[in-house]
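Subject: Structure handover

Hello,

I am passing a structure on to you. Please open it alongside this email.

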Amino acid sequence: MDTTALLKELTVLFDQSTLAYRQYLDAGKTFHHAQQLKLHNSNALKLLIENQQLLSEELQKDAQSLITHYTEWSQKWEKLAAEKEHQPDDVFVFANDVTFPKQAAQNLKTAYQKL
């Protein structure tokens with residue numbers, strides 16, 4: 001994978017996550033929609049961990065901010081999911097103090113747009 005391919009794939013995943021998050025909110029924060037969001041966030045986390053070295057030093061800082069968020073978010077997601085067997089329409093909400101670093105994601109998307 002090269003930097004262009006990485007940034008392109010990240011941009012797609014960020015867009016998918018944004019859409020999944022909107023659907024999660026619009027649908028009443030259900031487990032089904034939380035699963036979709038988890039899928040996209042997990043893919044982005046894996047991609048960043050495996051390929052952040054392809055990024056410039058400045059973008060690596062953004063990648064690290066996203067890795068920190070996704071890791072914390074995933075741990076909380078998995079903890080809540082393990083508490084019981086959730087049905088698709090169950091409300092699935094947990095507190096997370098590590099908010100999504102929007103600017104970091106935007107910086108990576110902008111870097112792709114400039115290529």
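This is a predicted model: local features need pLDDT of at least 70, side-chain atom pairs count only at pLDDT 80 or more; totals for chains, interfaces and linings use all residues.

The largest pocket has a volume of about 740 Å³. Its lining is made up of 26 residues, and those nearest the centre are Tyr21, Leu37, His69, Trp73 and Phe100. Helix 1 supplies the largest share, six residues. Sorted by class, the lining of the largest pocket holds 15 nonpolar, seven polar and four charged residues.

Helix 3

Helix 3 is 27 residues in length, and from first C-alpha to last it reaches 39 Å, close to the 39 Å expected at 1.5 Å a residue. The buried residues of helix 3 are Leu59, Asp62, Ala63, Leu66, Ile67, His69, Tyr70, Trp73, Ser74, Trp77 and Leu80. Against which elements do the buried residues of helix 3 pack? They pack against helix 1, helix 2 and helix 4. His69 and Trp73, buried in helix 3, are also among the residues nearest the centre of the largest pocket.

Aromatic residues

There are seven aromatic pairs in the structure. In one of them, tryptophan 77 pairs with phenylalanine 92 in a tilted arrangement, with 5.0 Å between the centres and 55° between the planes. This pair links distant parts of the chain, 15 residues apart: tryptophan 77 belongs to helix 3, while phenylalanine 92 sits in the loop between helix 3 and helix 4. Both tryptophan 77 and phenylalanine 92 are buried. They also belong to one aromatic cluster, formed by Phe31, Trp73, Trp77, Phe92 and Phe94.

Leucine 115

The last item is leucine 115, in the segment after helix 4. Is leucine 115 buried or exposed? Leucine 115 has a relative accessibility of 60%, so it counts as exposed, the cut-off being over 50%. Leaving aside residues up to four places away in sequence, leucine 115 touches Thr4 and Leu7. Leucine 115 and leucine 7 are 108 residues apart in sequence, yet their C-alpha atoms are 9.5 Å apart in space.

Regards

Terms used:
Residues are numbered from 1 along each chain as its sequence is written. Side-chain values use heavy atoms; hydrogens and water are left out. On a 1 Å grid over the protein atoms alone, a cavity is a set of points where a 1.4 Å probe fits but cannot get out, and a pocket is an open set with protein on both sides within 12 Å along at least five of seven lines; lining residues have an atom within 4 Å of a point. Grid points are joined across faces, edges and corners, and a volume is the space filled by probe spheres set on the points. Helices (H or I, at least four residues) and strands (E, at least two) are DSSP runs, numbered from the N terminus. Ala, Val, Leu, Ile, Met, Phe, Trp, Tyr, Cys and Pro count as nonpolar, Asp, Glu, Lys and Arg as charged, and the others, Gly among them, as polar. Buried means under 20% relative accessible area, exposed over 50%, partly exposed in between (1.4 Å probe, protein chains only). Contact means heavy atoms within 4.5 Å. The expected span of a helix is 1.5 Å times one less than its number of residues. Rings of Phe, Tyr and Trp (its six-membered ring) pair if their centres lie within 6.5 Å; planes under 30 degrees apart count as stacked, over 60 as edge-to-face and the rest as tilted.
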